[in-house]
Amino acid sequence: PPLRAEAARAKRRLAADDASDLLAAVRAHEAFEGCAPDTRGAFLRDHFLDGKALAELAGLKRRFRAHLVDAGLLEPDAPARPLSKTLSLVRGLLVAGLHPHVAVRDRDEAGGGLRCRGSQRWWCHPQSVNFELLGGRGGDRKARFVVWNARLKTSKPYLLDASVVSPAALVLFGGGARRTLKGTHVVLDGWLPFKCTDGAQLALLALRKEIDALVDLTVGGDARAAALAPTAKVVSDVLALLSTADR
């Protein structure tokens, strides 16, 4: 137990303020790659990391990059960009990649439970960087929405690899979104409502439409045209602005 607690603290240090188990793994990989060869062993020990797992992650990164180059989505000589420069985009990609694995903490929920679709009740795992934020005593009441990678039932039903995300990221990169008849909410996937003003609803849904159009153009094989599209810079600027509301 003492080592387990120490490992959890090391993971939280790596996660910084990202509130994401998956981004903590990215941070660990970046930090390891930045270590001098003679200090990597100490870094692994201090952070309870597996060197073979990080090596496999580096191999996956190279293969994914090669696939993007082959698909015309990335220039061969494009420099790698650190997570700190792409955080808002990566958070959106987490939503897009993990959807429909979404959970919400109700505002009146005092026990740290998270509700998935169908009213199923789950809890944040104690080894998660978000355990205190979502499931511990005095958790942050503003942290409500989570995407997760897996579930595990032991003493409790737990969500694993959880990432706190913003309502804007869910509406822009999640499933189907529509306005209610009264126009007071945007509803995601028919079960998750977000209350916002009429103007905010129209702006979010219009931005979602433009993002979908740019993605369709890119996936269709014309990444350069997508990058040069009149709306591309507007979408990029708005997403950068929304990054201030990541949590």
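These questions and answers walk through a predicted model of one protein chain.

The model is predicted, so local features need pLDDT of at least 70, side-chain atom pairs count only at pLDDT 80 or more, and totals for chains, interfaces and linings use all residues. Residues are numbered from 1 along each chain as its sequence is written, and side-chain values use heavy atoms, with hydrogens and water left out.

Visitor: How many helices and strands are in the chain?
Guide: Helices (H or I, at least four residues) and strands (E, at least two) are DSSP runs, numbered from the N terminus. By that count the chain holds 10 helices and 10 strands.

Visitor: What share of the residues in the chain is buried?
Guide: Buried means under 20% relative accessible area, exposed over 50%, and partly exposed in between, with a 1.4 Å probe and protein chains only. The chain has 247 residues, and the buried share is 36%.

Visitor: In what order do the 3 strands of the open sheet stand?
Guide: Two strands pair if DSSP finds at least two bridges between them. Here the pairing is antiparallel. β8 (177–179) and β10 (192–195) each have a single partner strand, so they stand at the edges. The order is β8-β9-β10.

Visitor: Which residue in β10 stands opposite H185?
Guide: Strand β9 (residues 185–188) is joined to β10 by 4 bridges. L188 stands opposite L192 in β10. H185 stands opposite K195.

Visitor: Which residues form the covered face of β10?
Guide: In a regular strand the side chains alternate between the two faces of the sheet. In β10, P193 and K195 make the uncovered face. The covered face is L192 and F194.

Visitor: Which helix packs on the sheet?
Guide: The helix touches β8 and β9, and its direction makes about 150 degrees with that of β8. Axes are lines fitted to C-alpha atoms, for helices over the stretch in contact, and angles run from 0 to 180 degrees between N-to-C directions. Contact means heavy atoms within 4.5 Å. The helix is α8 (residues 198–219).

Visitor: Is A58 buried or exposed?
Guide: A58 lies in helix α4 (residues 51–70). Leaving aside neighbours within four places in sequence, A58 is in contact with H29 and E33. A58 and H29 are 29 residues apart in sequence and 7.7 Å apart in space, C-alpha to C-alpha. With a relative accessible area of 11%, A58 is buried.
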